[in-house]
Amino acid sequence: MSRIIYNKFDKKLIGELPRVDFPGRIVVVLSESEANRAVDYLLSASLLGVDTETRPSFKKGFNHEVALLQVCDDDICFLFRLNIIGMTPSIIRLLEDTTVPKVGLSLHDDIMMLHRRVQFTPGLFIDLQDLVGAFGIEDRSLQKLYANIFGMRIVKRQQLSNWEADVLNDKQKRYAATDAWTCINIYRELVRLRETGDYQLVINEEQNDIQKDIPETGEGR
């Protein structure tokens, strides 16, 4: 049976979907030596998911530096606490690597934030936002994309939490790991659908009618 995907997923339906969480091991990286070991492991993988988190600023004109870089394969997600260890040589080596594909969403923003910490030459990155348009999908947020393609809900409650806290809580760690891991899942499914053509695009006319009257303001990942 062909997978049904929509040009625009109805955000009101997301709350009714089953929750998805990263099922693997989560490792918080707090030292340069730990970062070295983590990067060696990650660069032995065939595909990685990536994302970043930044402490929210509620003061106009002021932004914090990126605090967390999360990178995962199917089994382990490493949370590099950049606000504690900085951009170590091994982390830069990971970001500049051109051999292992690193998949994320809105990567231009992530790389721009990382560049505020240190300059580097981005390696092999794949942005999901560059792929979904070929399928007729107009949504660009990770939550909507996952709901559209898999019928499951990414919980976003921790997005605006304090990513510079002394210790990240379990909810923050699970949220960060899930965001990176779901990028891998979406990428693999898009590749499969592209190769097989095994999908049917449904135009959500009601959503399109709403968009004619209410300008889209965009939403967080």
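Predicted model: local features only at pLDDT ≥ 70, side-chain atom pairs only at ≥ 80, totals over all residues.
**View 1. Helix α6 lies across the sheet strands.** Helices (H or I, at least four residues) and strands (E, at least two) are DSSP runs, numbered from the N terminus.

**View 2. Six strands form an open sheet.** Follow the order β2-β5-β4-β3-β6-β7, where the pairing is mixed. Strands pair if DSSP finds at least two bridges between them. Because β2 (25-29) and β7 (125-127) each have a single partner strand, one side of each has no neighbour in the sheet. From one strand to the next, the twist averages 25°.

**View 3. Strands β4 and β5 run antiparallel.** Five bridges join β4 (residues 66-72) to β5 (residues 76-81). Look for Gln70, whose bridge partner in β5 is Leu79.

**View 4. Cysteines without a disulfide.** The count of disulfides (cysteine sulfur atoms within 2.5 Å) is zero. The sulfur of Cys72 is 4.6 Å from that of Cys77, its closest cysteine sulfur, so this is too far for a bond. For Cys183, the nearest cysteine sulfur belongs to Cys72, 8.1 Å away. Cys72 is buried at 0% relative accessible area, and Cys183 is buried at 2% (buried means under 20%, exposed over 50%, partly exposed in between; 1.4 Å probe, protein chains only).

**Notes.** Residues are numbered from 1 along each chain as its sequence is written. Local features need pLDDT of at least 70, side-chain atom pairs count only at pLDDT 80 or more, and totals for chains, interfaces and linings use all residues, while side-chain values use heavy atoms, leaving out hydrogens and water.

Methods. Axes fitted to C-alpha atoms, helices over the stretch in contact; angles between N-to-C directions. Contact = heavy atoms within 4.5 Å.
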